[in-house]
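Thanks for coming, everyone. Please look at the screen, and we'll walk through the sheet together.

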Amino acid sequence: MVKPLCDFLMFTTRLLVKTKNLLFWALAYSFCGLCACLVSLKLLWHIIRNPAETFQWIVRETLPACLNDTSLGTHCYVRIKESGLRFHYVAAGERGKPLMLLLHGFPEFWYSWRYQLQEFKSVFRVVAVDLRGYGESDAPIGRENYQLDCLITDVKDIVESLGYKKCVLIGHDWGGLIAWCFAIYYPEMVNKIVILNCPHPTAFCDYMVRHPSQLIKSSYLFFFQVPWLPEFVLTISDFKVLKYLFTSQSTGIRTKGCRMTSDEIEAYLYIFSQPGAFSGPLSHFRNIFSSLPLNQNEVMSPTLLLWGEKEEFLEFGMAEVTKTYVRNRFRLSVVPEASHWLQQDQPEVVNNLIWAFLKEDDQ
């Protein structure tokens, strides 16, 4: 009697899990289609109203002066033996000092860490890397080359190729997701972890399914699953969307003294106007549903999560839930008036919070 009952319960459990997965994928791809339709209608209306402007974009050929600013650090490259890929990074601080590795978000590159490169070089060897597919780092062709496992391995290989066994790992946005996953799979290589505006991946998945408001805010994730259309939308009208993200009142950098100068905007346009520059970054997103949630999800390193009060793309509830996935000291700090672009919007506040967190063990 016991065995048939156990078999029935096992069958029922498996059926529920499969049904849950089926519903999730049905929801995900239905939302992809809906987002694509809505964007297509907006795009069609934009083309009708501004046909000449829509198909106008410029490939920048002159390197903006701010990218040659030697006070930010030295431009370097490292080639990984296993993958054969070459990664570009900017390093500040003396060799031999403890490593601080900075992972940027989307749509960004190493330059988003300009304030941190200058701030922490007195104590650390600070390295801001261009992720796979971004900037001057190699961009292999094919979506399969941007699976989350590949991106996590990139971080491990970069740390080891720089001659280190451990690091202080800091990640923002998509770089924050990679940092979370790296800390989960390689806890022995992380001294401390700092995450900016990115919840723990399991917290994100669970929260998004249960809160339609976050599902709507994450609509860009679903839109990015569509072939070629996102690349086109991001480039039309001379990269109008890219400019809007960083400069608009709703999503842009809010602090008056930190708003992007024309030269800094040109730096972003220089990177993303190159042929195929969005293919690699969008391939990161196109593997996200096959990678999350993680089976093993606990972070064992001391963790600081920084959150912008005016974050437009993520709800604060996910930040609060994140603490349940950290099995060590966890601190959540909300930065007043800060946007999604936290380390660029409120660099002084962010840097002070990171310093305080790093020095906690010394007190």
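Two strands count as paired if DSSP finds at least two bridges between them. Strands (E, at least two residues) and helices (H or I, at least four) are DSSP runs, numbered from the N terminus.

A word on the source. This is a predicted model: local features need pLDDT of at least 70, side-chain atom pairs count only at pLDDT 80 or more, and totals for chains, interfaces and linings use all residues. Residues are numbered from 1 along each chain as its sequence is written, and side-chain values use heavy atoms, leaving out hydrogens and water.

Start with the hairpin of β1 and β2. It has 6 residues between the strands, and there Gly-84 takes a positive phi near 80°. β1, residues 74-79, runs antiparallel to β2, with 6 bridges joining them. His-75 faces Val-90 in β2.

Now the other neighbour of β2. That is β4, residues 125-129, again antiparallel, joined by 4 bridges. Tyr-89 sits opposite Val-129, and Ala-91 opposite Val-127.

How covered is β2? Of its 7 residues, 86-92, 6 are buried (under 20% relative accessible area, 1.4 Å probe, protein chains only).

Zoom out. The open sheet has 8 strands, ordered β1-β2-β4-β3-β5-β6-β7-β8, with mixed pairing. β1 and β8 (330-335) are at the edges with a single partner strand each, so one side of each lacks a neighbour in the sheet. From one strand to the next, the twist averages 20° (axes are lines fitted to C-alpha atoms, for helices over the stretch in contact; angles run from 0 to 180 degrees between N-to-C directions).

Technical notes:
Buried < 20%, exposed > 50% of the residue type's maximum accessible area, 1.4 Å probe, protein only.
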